[in-house]
2 protein chains.
Amino acid sequence: MLHRKDSDLGGAGEPPVVTVGSLDRYDGKVVRLRGWLYQGRSSGKIAFLMLRDGTGIVQCVAGRADVGDEMFDTARHATRESAIEVTGAVKKDDRAPGGFELLLSAFDVVSAAAEFPIGKKSHGTSFLMDHRHLWLRSKRPHAILRIRSTVSLAIRSFFDREGFTLLDAPIFTPAACEGTSTLFETDYFDTKAYLTQSGQLYMEAGAMAFRKVYCFGPTFRAEKSKTRRHLTEFWMLEPEMAYADLDDAVELAEHMVTDVTRVVLDRNAADLELLERDRSKLEAIAPPFPRITYDEALAILAEKGMAVKWGDDFGGDDETVLAESFDKPVFVWKWPKEAKAFYMKSDPDDDRYVLGVDLLAPEGYGEIIGGGERTDDLAYLEKQIDAHGLEPESFAWYTDLRRYGSVPHSGFGMGLERFVGWLCGTHHVRETIPFPRTINRLYP
Amino acid sequence: MLHRKDSDLGGAGEPPVVTVGSLDRYDGKVVRLRGWLYQGRSSGKIAFLMLRDGTGIVQCVAGRADVGDEMFDTARHATRESAIEVTGAVKKDDRAPGGFELLLSAFDVVSAAAEFPIGKKSHGTSFLMDHRHLWLRSKRPHAILRIRSTVSLAIRSFFDREGFTLLDAPIFTPAACEGTSTLFETDYFDTKAYLTQSGQLYMEAGAMAFRKVYCFGPTFRAEKSKTRRHLTEFWMLEPEMAYADLDDAVELAEHMVTDVTRVVLDRNAADLELLERDRSKLEAIAPPFPRITYDEALAILAEKGMAVKWGDDFGGDDETVLAESFDKPVFVWKWPKEAKAFYMKSDPDDDRYVLGVDLLAPEGYGEIIGGGERTDDLAYLEKQIDAHGLEPESFAWYTDLRRYGSVPHSGFGMGLERFVGWLCGTHHVRETIPFPRTINRLYP
């Protein structure tokens with residue numbers, strides 16, 4: 001803590017103001033806590049009050065005899081989510097959630113809450129999402145979003161250690177990378193701008209300058225899909241490396257996934273426990289991940305009675321079935337050209353294929369990473385731009401990368417919400433972002 | 001390095017492929033480097049080739065006798081920015097940039113570059129920005145964006161250490177926080193969505209759940225300003241703390257600015273040197289920063305002949321003059337109500353003022369931080385929403401935060417590009433973001 005410490009807030013002789021997360025340093029001492037009343041129950045003589053302060057939840061025990069009639073009655077009748085300040089002695093208690101409880105000598109209401117709309121009864125998701133600004137205070141969203149916070153920083157730290165430069169991609173783009181049908185557009189001073197779907201093309205420019213770069217920011221898809229895997233606004237990580245091939249991208253992906261998973265296991269043990277996440281599934285994650293070709297994947301699917309036409313991408317169910325065949329994430333590589341984007345490099349062994357790769361998460365979480373080697377051949381790229389009906393002038397800067405010192409390069413994109421969803425074991429990605437945006441949701 | 005090492009790429013008996021950044025580990029050894037020809041000059045017998053590989057630049061010396069006629073002529077005639085691979089002995093040389101040079105035994109062109117549009121002659125900014133995807137390869141953008149990368153991670157690491165949870169704010173918002181005139185809007189499945197100008201209101205919801213939160217992502221302003229301080233798309237950092245007052249926000253800001261500045265001084269010494277940044281100006285940054293009230297600021301300005309009407313915000317010139325009176329960043333606090341946003345808390349000592357604060361960077365870089373304490377009073381907030389002509393229903397969730405356990409809270413917003421601009425000593429913020437977006441620029 002560089003800035004003013006909680007404990008400095010106490011006046012002369014007053015107990016220090018501390019947080020629930022730091023109670024282990026105050027065993028046996030009298031402290032003050034400032035937070036909110038998470039829940040409470042009481043008899044005529046004793047009240048058990050769960051105080052949450054954002055760093056944790058602690059049980060506070062108020063005896064009528066200890067705090068006096070007035071404070072006791074205030075405590076008994078305090079509404080849920082009222083802002084409260086309490087003073088009490090910290091007592092180690094292994095049975096208590098968090099390992100400590102507080103024996104109160106004082107209880108004050110900072111501000112009383114109106115009747116809190118989120119109760120103990122179960123609510124529908126739509127109701128909870130309408131109250132997302134309040135629902136964030138509950139244990140489950142709290143745990144998931146703390147894991148998201150850990151993941152975001154662990155990813156950035158990983159790439160920093162690996163020598164990557166962060167290169168934020170622009171959000172406003174003049175052209176569509178993969179067709180305009182799922183693009184959000186805006187009037188940009190009398191011209192049109194689109195909200196980015198991917199920073200990859202910009203990262204390719206960056207890789208030629210910095211060798212290894214990544215971007216990690218919001219991306220947008222105006223998809224009308226109402227599946228549990230789709231958001232209109234989501235965060236995407238996109239590393240790109242010059243002088244690197246498909247193998248390099250695959251190895252980078254598996255090491256990053258492993259590293260970040262370990263950081264979460266280490267830092268968010270309590271959150272994973274609250275989410276009842278099976279840790280053993282995450283502890284099993286270690287390189288190398290299995291690698292199968294697209295054709296092998298098709299054979300596995302056919303065996304299980306799921307016929308996929310050669311050349312088609314997999315559906316969500318196909319991904320689930322494929323991933324269930326492995327206890328680690330599985331790479332599917334060497335894809336038919338028509339299933340992948342225009343910039344993919346042709347497989348030199350068979351030009352019906354491209355050097356693309358997807359990573360499917362286990363336990364039915366589906367594709368979390370897509371990437372591969374990009375073409376470094378100018379003539380081929382121009383042919384592909386033409387074949388995909390894209391406007392050459394919009395991609396002039398992108399083809400420039402093949403005019404001036406073209407080199408083999410590769411990278412991938414990972415959707416943050418799907419990755420966090422898998423780590424947390426959540427069913428729907430909307431829980432993995434603080435304020436989800438879907439076709440039906442723009443509020444709060 | 002977790003994944004496949006460069007040096008593993010060498011076949012049996014072949015010299016290892018390494019990077020310029022790691023040459024200090026190979027003094028006296030023969031290595032291969034893969035990169036691009038940054039520039040070259042030669043006589044009939046010897047060529048001096050500057051190879052850049054994204055991790056650094058090294059001078060390669062090719063003697064006709066050492067590499068043979070064919071390779072020598074290839075090297076002599078290679079065009080700038082051609083992708084090249086060289087083999088040579090690493091030789092420590094304190095006079096060489098980077099401390100090493102390479103005495104070549106082989107030179108190969110991976111792919112020849114067409115005539116590179118960015119030459120040694122000086123170009124106008126518009127030309128360079130049209131070629132931003134190629135200009136990134138030059139030393140100056142490289143240095144600035146490496147500093148930006150350091151700053152981004154240092155900020156996140158600081159807040160992580162301080163116990164903040166990252167809570168990404170949404171980009172699509174249903175309502176305008178500070179009026180619609182500078183908002184970008186998009187059709188959102190037959191309703192209207194606006195691109196966020198600030199995540200602050202969402203961070204206030206987060207602070208009530210997590211106590212200390214921050215967001216750090218792109219924000220948007222459709223401003224027609226063509227000043228050197230304006231972009232339409234820029235990254236903003238916004239921390240918010242519950243049970244915290246104006247002093248807490250001020251102390252957090254000065255400690256963060258100090259911490260990040262020190263990380264840059266440490267990690268980006270070579271970049272600062274290339275930019276000819278006066279390190280002593282940055283080394284002087286340490287808490288506490290001077291604090292003056294708005295009224296004191298007005299008096300300073302009046303003394304210098306710059307009359308500002310009480311109640312008005314400062315202009316860029318005013319900020320420059322104010323900041324020049326101090327050798328550290330200076331806080332200006334206690335602002336007239338009409339100069340600040342609707343959610344600011346009234347000064348309890350004088351309700352013509354609010355508890356807002358700006359941080360002005362020295363050397364004429366102007367406002368880099370704006371923040372303060374937010375009102376925790378429901379009735380006052382509702383009155384302010386009404387007085388500012390905002391739609392109450394759009395802010396229902398926001399006013400909820402004062403209905404359910406309202407507490408004192410504070411925070412601030414910092415524009416990344418202005419901060420990086422100050423650290424780098426760049427004149428215009430457009431250089432501090434990889435692909436700047438301004439009223440006239442949406443490409444590349």
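Trainee: How do strand 13 and strand 14 of chain B run, parallel or antiparallel?
Mentor: Strand 13 (residues 291–293) and strand 14 of chain B run parallel, joined by 3 bridges. Strands here are DSSP E runs of at least two residues, numbered from the N terminus, and two strands pair if DSSP finds at least two bridges between them. This is a predicted model, where local features need pLDDT of at least 70, side-chain atom pairs count only at pLDDT 80 or more, and totals for chains, interfaces and linings use all residues. Residues are numbered from 1 along each chain as its sequence is written, chains are lettered from A and ligands numbered from 1 in the order written, and side-chain values use heavy atoms, without hydrogens and water.

Trainee: Which residue in strand 14 of chain B is opposite Thr293(B)?
Mentor: Trp333(B). In strand 15 of chain B, Val357(B) is the bridge partner of Trp333(B).

Trainee: And how many bridges pair strand 14 with strand 15 of chain B?
Mentor: There are 6, in the antiparallel sense, with strand 15 covering residues 353–361. Phe331(B) has Leu359(B) as its bridge partner in strand 15 of chain B.

Trainee: Switching topic, why is strand 14 of chain B largely enclosed?
Mentor: Because 6 of its 7 residues (330–336) are buried, meaning under 20% relative accessible area with a 1.4 Å probe, protein chains only.

Trainee: What is the strand order of the open sheet in chain B?
Mentor: The 8 strands go 7-11-12-17-16-15-14-13, with mixed pairing. Strand 7 (165–166) and strand 13 of chain B are at the edges with a single partner strand each, so one side of each lacks a neighbour in the sheet.

Definitions and conventions. Buried < 20%, exposed > 50% of the residue type's maximum accessible area, 1.4 Å probe, protein only. Helix = DSSP H or I, 4+ residues; strand = E, 2+ residues; numbered from the N terminus.
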